[in-house]
Amino acid sequence: MAKVKIATDWLGGCAGCHMSFLDIDERIVKLAELVDFTSSPITDLKHPPKEGVTVGMLEGAICNTHNVEVARQMRERCDILIAVGDCATFGGVPAMRNIVGTAAALRRAYIETESTVDGLIPDSPELGVPLETVVAVDKVVKVDLFIPGCPPRADAFYYVLTELLAGRTPVVLPPELFTYD
Amino acid sequence: MAIVNITINGRNISVPAGITVLQAARQEGIDIPTLCDHPALSVVGACRMCIVEIKGQRNLQTACTFPVTDGMEIETESAEVVKARTMVLKMLFSERNHFCPFCEMSGSCELQDMGYRFGVDHWAFSTYTKNYAVDATHKHYLMDHNRCILCGRCIRACGELVANHTLGLGQRGSESMINADANLPLNESTCISCGTCVQVCPTGALFYKRSAYMGSDSEMIKVKSTCSQCSIGCGIEIITRGGNVLQIMGDWEGQANRGVLCKAGRFDPLYDGRERIPEPLHRSKDGEENISWAKAMQALAKHITKVGPDKIGVIVANRASNEALYLIKKLFIDELGVSNIKMIHTPAPRIEGKPHGTLSRIAGSDTLLVVGSDPLANQPVAAFQIKRALDKGARLIVVDDENNALSPFAHVNLKISDIGQAVEMASKSPSPVVVYGPGIPAPAVDMLKGITDRANFIAIETGVNTCTARALDVNKGFKSEAVELLLVLLGDGKCGGVELLKDIGGKTFIAVLAGYASELTDKANLVMPNAIWCERTGTLTNTEGRIQTLQSAVEPANGAKSDWEVLQMLAAKLGKKITVSADDVANTLATAV
């Protein structure tokens, strides 16, 4: 049987969810026998392959136009999209900037910070343009599964992937793995 | 009582008529989720979590407000109900900021529990974009409107339990906010800092500053004890983590208070900045020396034997436990024959031949006569009960020559000399209750005896444990002049300073058992560390005569000991076989109180 292809990527997040995923420890070896990790921010190949993958996982919130592109590309190239972590499922810490507004948040971060001298808000054309409102991934593309948690427990990743491999679709995590923080 | 037959989820059950669907379900052990409901508060149907399907009703109905009727068929877990409930929950999450990771109450939040229960693993609607100001002006607690679900528990606690009516709902519709008075900052409002609103808040909208970010419910240890701040003896829960006292909560099962506390009970002990006494200390003209408990007992026993019973004086602060007072009686009065003993507070006079009731009598009274007592200033939880009765239409007559904190709420304010008029007014009412304290002069006591036989009397003592002191007849009268050995059991209260040494001769050996260092301990020849309120064990008798337990929530600091433990050690040192147990105390008081 061909291996199931999995791709991951991150948006406006802290990489903590990916770290937690790696915390499944030696079970990743067992998992690697069944799945093929095609691409991720922590492998050489960064983008999901054009021919597509079965499972796509996204960490982080939608904060700028670049995040929107990445989310859309992942959605197009995967069958099952999983929002991973509190930022991807709820907006999380990045969404706290909605309380003051993007312009004020950028000004505070790059110009008004006490340690900043001659501050400048980055505006390189290579960068994504910050959105007015930070949102969860499901507000931009259709999401099939949510794994909340900050970060989600390693066991939650393992549970969801083994369930999917067994041909079952977990609707909601079991209580011991379901956490908002 | 009439019984109706109803069906819940296909189960036929019989319940009393007039109760709500929610009460009926709970009687049968059927769990209906709620958020705004609280057992100590009235029902409002604000959160809509308890909606159920009732056959014949056009819409889903809130179980907490809907009374049962005969033949009613109720479904609490039908697909439609669960779907609607989940929708309600999603809407609650969509309004304001209910993102858990940086909320103080994460892990101790009823909204979060509901989210887990109904599998809310993402937000169906867009959420927090509007920021509300956090009111951090209050010294003891914080109000974060962003976490509020407008369940109104705090409003009901403030009005119904404390009868203070500071909190209310301001504005309308989506602009609705919890307001203090006319939308004032909490520290400028009429808030009396009782903290009951915080105790009932289901989310992180109201939380204590002292314990903020120090752990969630599951990490805390809760110990039930009794407040020793005044004679009401409120039931408390001492909440600790890692040996640190973080919170004091009112015990909902506390008979005198039913969950409510005042500022002095809930907050003051947590902010006590006084210095503790590290270990027993001996002070003489040769200098100061830290000594062991064994040596301290030896020194004290030596002086007791040397000076003899006529030259021993004992002063006991009103917080002394029943066990300590029992031992004082057995050891000092009965065994040693000491008669120079006094309590710091004098008891209220007994009004002979009149029925004395418990505080619960206040609720059923239509006319309250307060005399010789200022409960709102000194025993606030009793005053809350009086104010609650006023909200229900009772009249209040305050008789006091000084400023009484209850005066602004009184229908009639009279001087002590006019007590006859008060007695006459109260006698005309169907169910008068007289609340009186030690401040009542003897002539007024005689006048009170003339009140109608329908009247009930409630004595509110000023001293915490005065009831036991009176029952054991510990207050023998005190003459300073002859004292050559003075033993002061000071406890952890703030009363009893150097003024106790008035007329005490310069050569007197002074031994003090105290929780905290003070001017008095600075002058003492022997200082012994006393376990404080959260450390000590024993029992107290409250102003109603109820014996209540003190539980130790943390280990006594630096080997401090409870008052009765010290007296028991002293008795052993003196070669007297005197011990005390809970049964000794209960039996002695049962015959005396």
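Reply: A polar contact here is a pair of N or O atoms within 3.5 Å, where one must be able to donate a hydrogen and the other to accept it; residues adjacent in sequence count only if both atoms are side-chain atoms. The model is predicted. By that rule, 5 residue pairs are in polar contact between chain A and chain B, both residues of each pair being at pLDDT 80 or more. The salt-bridge count between chain A and chain B is 0. On the side of chain A that touches chain B, helix α4 (residues 85–90) of chain A gives the largest share, 3 residues. By class, this side of chain A has 12 nonpolar, 5 polar and 4 charged residues.

As for extent, 21 residues of chain A are in contact with 20 residues of chain B. The two chains bury about 1800 Å² between them, and carbon and sulfur atoms account for 66% of it. Of the area that chain A buries against chain B, 38% is supplied by A:Phe90, A:Ile99 and A:Tyr180, more than by any other three residues.

An interface within chain B can be set beside this. Chain B is divided into four domains, among them domain 2 (131–271) and domain 3 (281–345 + 467–592). Between domain 2 and domain 3 of chain B about 1400 Å² is buried, with 57% from carbon and sulfur atoms. Across that interface the rule finds 0 salt bridges, and 7 residue pairs are in polar contact, both residues at pLDDT 80 or more.

Note on methods
Residues numbered from 1 in each chain as written. Chains lettered and ligands numbered in written order. Predicted model: local features only at pLDDT ≥ 70, side-chain atom pairs only at ≥ 80, totals over all residues. Heavy atoms only, no water. Domains from an automatic or database assignment. Buried area = accessible area lost by both parts, 1.4 Å probe. Salt bridge = Lys/Arg side-chain N within 4 Å of Asp/Glu carboxyl O. Contact = heavy atoms within 4.5 Å. Helix = DSSP H or I, 4+ residues; strand = E, 2+ residues; numbered from the N terminus. Nonpolar A, V, L, I, M, F, W, Y, C, P; charged D, E, K, R; others polar.
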